[in-house]
Amino acid sequence: MFGFDLDPGDIRPQDVDRADEQNARVLELLAEGEERLGEIVGAGGGDRGHVHATAAADGRVLKITLDARAVREGSQALADEILLAVRQAQQDAQRQADDLLRSAFEQAFPGRAVDPVAVRERLVNLLD
Amino acid sequence: MPDPREDRLYLDQVVDQTRSAMRHLREAQRQIAAVEGTGEAAQGMIRAVADGRGTLTGVKIDPRALRLDVARLGAEVTAAVQAAQEEAARRTGDIVADAAGRAGTLPEPLDERFVRDRVESAARELYTGGL
């Protein structure tokens with residue numbers, strides 16, 4: 001899966017070294033990645049721009065702010081706008097997280113393309 | 001020397017334990033998909049509902065809440081939404097911890113000795129019995 005091109009019947013010392021190096025690099029990137037993941041802020045503005053929402057990569061809402069015109073269309077319209085803005089913020093955060101994951105993989109395994117969305121979906125369906 | 005009948009029993013046990021663990025994990029997945037967390041603010045005038053993955057599934061605002069100034073209203077909405085997500089996360093955490101506990105009894109991986117004994121035994125049978 002990670003493009004080792006190892007021949008199990010003939011593992012050379014340089015293969016082991018290369019595996020060790022990649023392993024160390026992955027661990028480094030995971031630590032760094034985790035930090036950067038925690039700093040991600042996704043933003044969403046609804047479709048009328050009166051509600052502004054921000055969310056972290058794990059989906060947690062950070063802040064929701066309203067402008068003066070947000071209340072003009074009534075409470076139902078406001079509720080819908082809030083739902084939309086939050087969803088957009090979460091999707092934006094997810095996109096940033098996917099980009100981070102993709103670039104981390106590319107650094108750890110150069111030359112191998114990885115689709116984070118596919119990886120995520122496979123993980124979710126693992127138990128099916 | 002390894003006994004094929006004991007090995008067969010052991011294998012059956014491994015299969016059963018794994019199936020059981022998978023069943024618990026799938027059940028947990030189902031429960032997580034059904035989790036709902038609710039949050040309130042502004043004396044109940046603002047209510048929010050979130051699912052097990054943190055997705056906001058519902059927001060209800062009492063028209064009286066619109067009398068609040070906009071900055072305060074925003075803060076209250078934020079609080080309700082965060083409370084809903086927190087409750088959903090807590091419920092999901094409980095399900096996961098419970099499932100991990102139940103699924104925890106997965107069989108030990110076969111060690112080198114286990115495998116070597118059986119390979120040697122099979123090799124001996126081949127040389128003495130087969131030809």
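**Close-up views of a predicted two-chain model**

**View 1. Surroundings of Leu66(A) in the predicted model.** Leaving aside neighbours within four places in sequence, Leu66(A) is in contact with His50(A), Val51(A), Val70(B), Leu73(B) and Gly74(B), where contact requires that the C-beta atoms of two residues, placed from the backbone, lie within 7 Å. Leu66(A) belongs to strand E3 of chain A; helices (H or I, at least four residues) and strands (E, at least two) are DSSP runs, numbered from the N terminus. Leu66(A) counts as buried because 26 C-beta neighbours lie inside 10 Å; the cut-off for buried is 20 or more other C-beta atoms within 10 Å, exposed being 12 or fewer and partly exposed in between, with C-beta atoms placed from the backbone. Ile82(A) is 16 residues away from Leu66(A) in sequence, and their C-alpha atoms are 9.0 Å apart in space. Residues are numbered from 1 along each chain as its sequence is written, while chains are lettered from A and ligands numbered from 1 in the order in which they are written. This is a predicted model, in which local features need pLDDT of at least 70 and side-chain atom pairs count only at pLDDT 80 or more, whereas totals for chains, interfaces and linings use all residues.

View 2. Three strands of chain A form an open sheet in the order E1-E2-E3 with antiparallel pairing, two strands being paired if DSSP finds at least two bridges between them. The edge strands, each pairing on one side only, are E1 (42-44) and E3 (61-66) of chain A. Neighbouring strands of this sheet are turned by 15° against each other on average, direction ignored. Strand E2 (residues 51-55) of chain A pairs with E3(A) over 5 bridges in the antiparallel sense, and Val51(A) stands opposite Leu66(A) in E3(A). Helix H2(A) packs on the sheet, touching E1, E2 and E3 of chain A, and its direction makes about 150° with that of E1(A); axes are lines fitted to C-alpha atoms, for helices over the stretch in contact, and angles run from 0 to 180 degrees between N-to-C directions.

**View 3. Packing of the helices H1(A) and H2(A).** Helix H1 (residues 13-39) and helix H2 (residues 75-108) of chain A pack at an angle of about 160°, with their axes 10 Å apart. H1(A) is therefore roughly antiparallel to H2(A), a term for angles over 145 degrees. The contact involves Gln22(A), Arg25(A), Val26(A), Leu29(A), Gly33(A), Arg36(A) and Leu37(A) of H1(A), together with Ala97(A), Leu100(A), Ala104(A), Gln107(A) and Ala108(A) of H2(A). By class, this contact of H1(A) with H2(A) has 7 nonpolar, 3 polar and 2 charged residues, where Ala, Val, Leu, Ile, Met, Phe, Trp, Tyr, Cys and Pro count as nonpolar, Asp, Glu, Lys and Arg as charged, and the others, Gly among them, as polar.

**View 4. The sheet of chain B.** In chain B, 3 strands form an open sheet in the order E1-E2-E3, with antiparallel pairing. Its edge strands are E1 (36-41) and E3 of chain B, each pairing on one side only. Strand E2 (residues 46-51) of chain B runs antiparallel to E3(B) and is joined to it by 5 bridges, and Arg47(B) stands opposite Lys60(B) in E3(B).

**View 5. The side of chain B that touches chain A.** Here 22 residues of chain B are in contact with 21 residues of chain A. Helix H1 (4-34), strand E3 (56-61) and helix H2 (70-103) of chain B each supply at least two residues of this side of chain B, and H2(B) gives the most, with 8 residues. The residues of this side divide into 12 nonpolar, 6 polar and 4 charged.

Conventions. Angles under 35 degrees count as roughly parallel, over 145 as roughly antiparallel, 65 to 115 as roughly perpendicular and the rest as oblique.
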